[in-house]
Amino acid sequence: MLAWAIAADEEIEVGAMDLDICGPSLPRMLGAEGESVHQSNSGWSPVYVADNLGLMSISFMLPDPDSAIIWRGAKKNGLIKQFLKDVNWGEKLDYLVVDTPPGTSDEHLSVTTYMKEVGIDGALIVTTPQEVALLDVRKEIDFCRKANIKILGLVENMSGFVCPNCKGESQIFKATTGGGKKLCEELGIPFLGSVPLDPRIGKACDMGECFFDSYPDSPAATAILDVVDALRDQVELSLENLAIK
């Protein structure tokens, strides 16, 4: 969803890298299921789901979409290293969105290790309002700080439900301890916004459609695009600070 939103600006070249090795879902969500990658002297070629949006996923290499990937850490690390070093994104790539599984495991360690040479602009943390979700998010934040990864901001997903008929808002998952916004205030992290529930997001992902093209008037679409604007501001600020140093 984030990659679609950034690529809404046709002047920006975006790459999406699916590093959820054991549960790759981006090809389905971006409408590229069944595609395959090609290898040449310049490296692997990503699958382009739009003129300015390329995608790389292990799903493209599986004999069957339902094939289980039962790998230990070393094999995962080897593939992630290849993805980061051997994929040819073309002459220009403005944003590389790396989608990782929940937690602080092999995938996260590999990304931080292999990308030290080129630098990581930062991490976007996504949570839902419940304290059970925030428990894991606090660990993610601690991981980023220990790994010296700048936290660009936090987004609260599934934050309320806006009825498409009456436009009334209901809190499906109540923020029992203050939710993502309060957590940001406590830890000094930028809060980039809240995204309300919209069942059509799930439908668009299942069908491999761009949610923003299919439902441009959805409150969730507006909220996500606002989050992307705030995220881009944080990235630009981070780059300016690096230039000053």
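The paragraphs below lead through a predicted model, starting with its domains and nonpolar cores and going on to helix packing and a few individual residues.

The chain is divided into two domains, with domain 1 spanning residues 1–120 and domain 2 spanning residues 123–244. Their C-alpha centres lie 21 Å apart, and the contact between the domains draws on 19 residues from domain 1 and 22 residues from domain 2.

The largest nonpolar core has 52 residues, and within this core the members that touch the most others are Val-14, Phe-83, Phe-211 and Phe-212. The greatest contribution to this core comes from helix H9 (residues 219–244), which supplies eight residues. Because domain 1 (1–120) and domain 2 (123–244) both give residues to this core, it lies between them. In soluble globular proteins, nonpolar side chains tend to be buried together.

Phe-211 can be followed in more detail: leaving aside its neighbours within four places in sequence, Phe-211 is in contact with Met-1, Asp-198, Arg-200, Ile-201, Ala-204, Pro-216, Ser-218, Ala-220 and Ala-221. Apart from the core to which Phe-211 belongs, there is a second, separate core of 13 residues, including Ala-123, Val-137, Phe-143 and Cys-184.

Helix H3 (residues 73–86) packs against helix H4 (residues 106–114) at an angle of about 40°, and the axes of the two helices are 9 Å apart. At this angle H3 and H4 are therefore oblique to each other, and their crossing is right-handed. On the H3 side the contact is made by Gly-73, Lys-76, Asn-77, Ile-80, Lys-81 and Leu-84, and these residues meet Asp-106, Glu-107, Ser-110, Val-111 and Tyr-114 of H4.

What do the buried residues of H4 pack against? The residues concerned are Glu-107, His-108, Ser-110, Val-111 and Thr-112, and they pack against H3, strand E6 (95–99) and H5.

Helix H5 (residues 131–146) has a helix partner of its own in helix H6 (residues 179–187), and the two pack at an angle of about 35° with their axes 12 Å apart. H5 passes H6 in a right-handed crossing. The contact takes Leu-134, Val-137, Arg-138, Ile-141 and Arg-145 from H5, and Gly-179, Gly-180, Leu-183 and Leu-187 from H6. Val-137, which takes part in this contact, is also one of the members of the second core.

Two residues in the loop between strand E5 (53–57) and H3 can be set side by side, namely Ile-69 and Met-61. Ile-69 is buried, with a relative accessible area of 11%, which places this residue under the 20% limit for burial. Not counting residues up to four places away in sequence, Ile-69 touches Ile-21, Cys-22, Pro-24, Ile-58 and Leu-62. Ile-69 and Ser-59 are ten residues apart in sequence, and their C-alpha atoms are 9.7 Å apart in space.

Met-61, by contrast, is partly exposed, with a relative accessible area of 33%. Leaving aside neighbours within four places in sequence, Met-61 is in contact with Val-37, Trp-44, Met-56 and Phe-83, and Phe-83 is one of the residues that touch the most other members of the largest core. The C-alpha atoms of Met-61 and Pro-199, which are 138 residues apart along the chain, are separated by 30 Å.

Ser-45 lies in strand E3 (residues 43–45) and counts as partly exposed at 28% relative accessibility. With neighbours within four places in sequence set aside, the contacts of Ser-45 are Val-37, His-38 and Asn-88; Val-37 is also among the contacts of Met-61. Between Ser-45 and Leu-55, ten residues apart in sequence, the distance in space is 9.1 Å, C-alpha to C-alpha.

The last stop is the backbone. Most residues other than glycine have a negative phi. Asn-148, although not a glycine, has a positive phi of about 60°; this residue lies in the loop between H5 and strand E8 (151–156) and counts as exposed at 71% relative accessibility. Met-158 likewise is not a glycine and has a positive phi, of about 55°. Met-158 is placed in the loop between E8 and strand E9 (161–162) and is partly exposed, with a relative accessible area of 32%.

Definitions and conventions. Residues are numbered from 1 along each chain as its sequence is written. This is a predicted model: local features need pLDDT of at least 70, side-chain atom pairs count only at pLDDT 80 or more; totals for chains, interfaces and linings use all residues. Side-chain values use heavy atoms; hydrogens and water are left out. A nonpolar core is a set of buried Ala, Val, Leu, Ile, Met, Phe, Trp, Tyr and Cys residues joined through side-chain atoms within 4.5 Å. Buried means under 20% relative accessible area, exposed over 50%, partly exposed in between (1.4 Å probe, protein chains only). Helices (H or I, at least four residues) and strands (E, at least two) are DSSP runs, numbered from the N terminus. Domain bounds come from an automatic or database domain assignment. Contact means heavy atoms within 4.5 Å. Axes are lines fitted to C-alpha atoms, for helices over the stretch in contact, and angles run from 0 to 180 degrees between N-to-C directions. Angles under 35 degrees count as roughly parallel, over 145 as roughly antiparallel, 65 to 115 as roughly perpendicular and the rest as oblique. A crossing is left-handed if the near helix is turned anticlockwise from the far one by less than a right angle, and right-handed if clockwise.
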